[in-house]
Amino acid sequence: MSAHDHAELAAARPDFAAIAAWIPQGASVLDLGCGDGSLLRYLKDTRSVRGYGVEISDPNIVACIRNGVNVIQGDLESGLSGFESNAFDFVLLSQTLQATRHTEPLVQEMLRVGREGIVSFPNFGYWKNRMNVLRGNMPVSEELPYQWYDTPNVHLCTLHDFEGFCRDLDVTVLDRRVMTGSSEVKLLPNLLGSTAVYRFQRGI
Amino acid sequence: MDNSVGTVTAQRATFDMPLTFRSGAVLPRYELAYETYGTLNQDRSNAILVCHALSGNHHVAGHYAGDPKSVGWWDNMIGPGKPVDTDRFFVIGVNNLGGCHGSTGPSSIDPKTGKPYGAAFPVVTVEDWVESQARLADQLGIRQFAAVMGGSLGGMQAMQWSLSFPERVRHGLVIAAAPHLTAENIAFNDVARNAILTDPDFHGGDFYGHGVVPKRGLRLARMLGHITYLSDNAMADKFGRSLRSGKLGYGYDIEFEIESYLRYQGDKFASYFDANTYLLMTKALDYFDPARVYDGNLDKAFSAARSDFLVVSFTTDWRFAPERSREIVNALLHNHRNVSYAEIASTHGHDSFLMQHEHYHAVMRAYLDRVAGEFSS
């Protein structure tokens, strides 16, 4: 990938740049639900990470291999039993949290296998989503591109919800970045931000 | 056939340096039959070694002159434009030591006695094979393979290569394999061996001099093996409970289609395969266990590996189940090796690794494209 490709990718997926900003050079990274491996490739090129992805879909396995990243075919929902405790510096879950069924045990597993966890997810509390619901419809947007009947998203949440969830799980939030498009949102993030990225660790 | 490497010729390499087996036995001199496809590039960096499984040999792709039906056993994988693209790679197929297709084996003449080795041929291990293959690589001037690959017992050789000669393998492609056989697997092999060993025509392995072949034993061994290479579903789909004559015969002749199929496969196999080779191959499978000297710790066994890996398993393979491949993957992960793992949904059981399968071949192609991207052609 060229520097130009990286710039393009970072523009298309602002959460990638936010995640990369937290990851030091040479870190070890496990990317859960890694899709076509773009994030891992981006982190490999820009942060020289030693990384592995976990992915379930057949076409994505081929795409990851083509992208030059390590990918292990498997189902996140059946746990991360193949991975040793504290094996990674970071365990990532990019735009996948909301589509996991066993969200609570998965977050626990992330923090067993990794020193820190990073998740990004669409903020259901974003004002446009709220408007949709007020108007009487489930939101369909760039971040939530599915119809209610074909969505893989079973556990949508707001920033408040996620932070409450972390408190209940004794998970310490270390950092948060909220965005709409590629611009950071500081004011009323739960209302004005469409995407959230969190960095967290086990409670201390 | 399209995209075939076309007409191929088997070659033979002779080794005059004695080979000491794991068992302590010594073979003073031996030959290996092999085939090559494609062209070795200038810096000799594009070679792929293809290791065969129990009943395979060096004839991996293409066909022999005047015999278009003599198609190599992995022809769907290897050829111009195929996943193992012979326009880019120099591919080597080798008949393992102890084989019965041209390499020195039990049916070869022992120069000491002037008779076939028979029972005197040493028990061969996967390590011994890799050692002998490395000498072939030396003769061909290949210091490092772009990849060593194989399915089943061939996958075990690919793994062993990365452990015996870490610096000589850039990529190990381990397909439908396991880090060692389970007790159930060994049990199947032992029943197969017993079928051969108890055949009156076996003569303790020295049947050659008696002008007979332990066909009944070999046939039974193959029938049993064949069942374990298929899946319950594949057999049900292909044969179900179909009867050849359409009605019950109330006797012990061939009635069900599956019986007919298995006996046909058994007869075919017994007509060309050597019983002693079959015994050796199953023993090599049983003995393979790189973790053994590390008290069963596979992580430690793989600490020697330096190559990258692709590990592939098949959902309906119960002889070398996906969980067994995951053991390999986990050991590689724990050693921080670059590894990718694909679990292919296939109905064909263990035999899936030999089948034409779109996604499986897409995975292989993607990985091998990556391998090819690392050298200048």
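1. Helix α6(B) makes the greatest contribution to the lining of the largest pocket, at five residues. Helices (H or I, at least four residues) and strands (E, at least two) are DSSP runs, numbered from the N terminus. The model is predicted, so local features need pLDDT of at least 70 and side-chain atom pairs count only at pLDDT 80 or more, while totals for chains, interfaces and linings use all residues. Residues are numbered from 1 along each chain as its sequence is written, chains are lettered from A and ligands numbered from 1 in the order in which they are written, and side-chain values use heavy atoms, with hydrogens and water left out.

2. The largest pocket holds about 1,000 Å³ of space. Its lining has 37 residues, and B:S55, B:R222, B:H226, B:Y272 and B:L354 are the closest to the centre. In chain B, α4 (215-229), α5 (232-238) and α6 (257-272) each supply at least two lining residues. A pocket is an open set of points on a 1 Å grid over the protein atoms alone, where a 1.4 Å probe fits, with protein on both sides within 12 Å along at least five of seven lines; lining residues have an atom within 4 Å of a point. Grid points are joined across faces, edges and corners, and a volume is the space filled by probe spheres set on the points.

3. By class, the lining of the largest pocket has 17 nonpolar, 14 polar and six charged residues. Here Ala, Val, Leu, Ile, Met, Phe, Trp, Tyr, Cys and Pro count as nonpolar, Asp, Glu, Lys and Arg as charged, and the others, Gly among them, as polar.

4. The second largest pocket has a volume of about 840 Å³. Its lining has 34 residues, with A:R13, A:S94, A:Q95, A:T96 and A:Q98 the closest to its centre. Two or more lining residues come from each of α1 (3-12), α2 (14-22) and β2 (50-55) of chain A.

5. One cavity of 30 Å³ or more is counted; a cavity is a set of grid points where the 1.4 Å probe fits but cannot get out. The largest cavity has about 40 Å³ of space. Among its lining residues are B:L54, B:F188, B:N189, B:Y278 and B:R319. In chain B, α3 (183-197) and α4 each give at least two residues to this lining, and α4(B) gives the most, five. Seven of the lining residues are nonpolar, three polar and one charged.

6. In chain A, the surface carries a nonpolar patch of A:W127, A:M131, A:L134, A:L187, A:L188 and A:L192, with about 620 Å² of accessible area together. Such a patch takes residues with over 30% relative accessible area and no salt bridge, nonpolar side chains (Val, Leu, Ile, Met, Phe, Trp, Tyr) being joined within 5 Å. A salt bridge is a side-chain nitrogen of Lys or Arg within 4 Å of a carboxyl oxygen of Asp or Glu. Areas come from the Shrake-Rupley method with a 1.4 Å probe, and for residues only the protein chains shown count as cover. Helix α6 (residues 127-135) of chain A supplies the largest share of the patch, three residues.

7. A:L188 sits in the loop between β7 (183-184) and α8 (189-192) of chain A, and counts as exposed because its relative accessibility is 52%. A:G125, in the loop between β5 (114-122) and α6 of chain A, counts as buried because its value is 3%. Buried means under 20% relative accessible area, exposed over 50%, and partly exposed in between (1.4 Å probe, protein chains only).

Methods
Patch = residues over 30% accessible without salt bridge, like charges linked within 9 Å, V, L, I, M, F, W, Y side chains within 5 Å.
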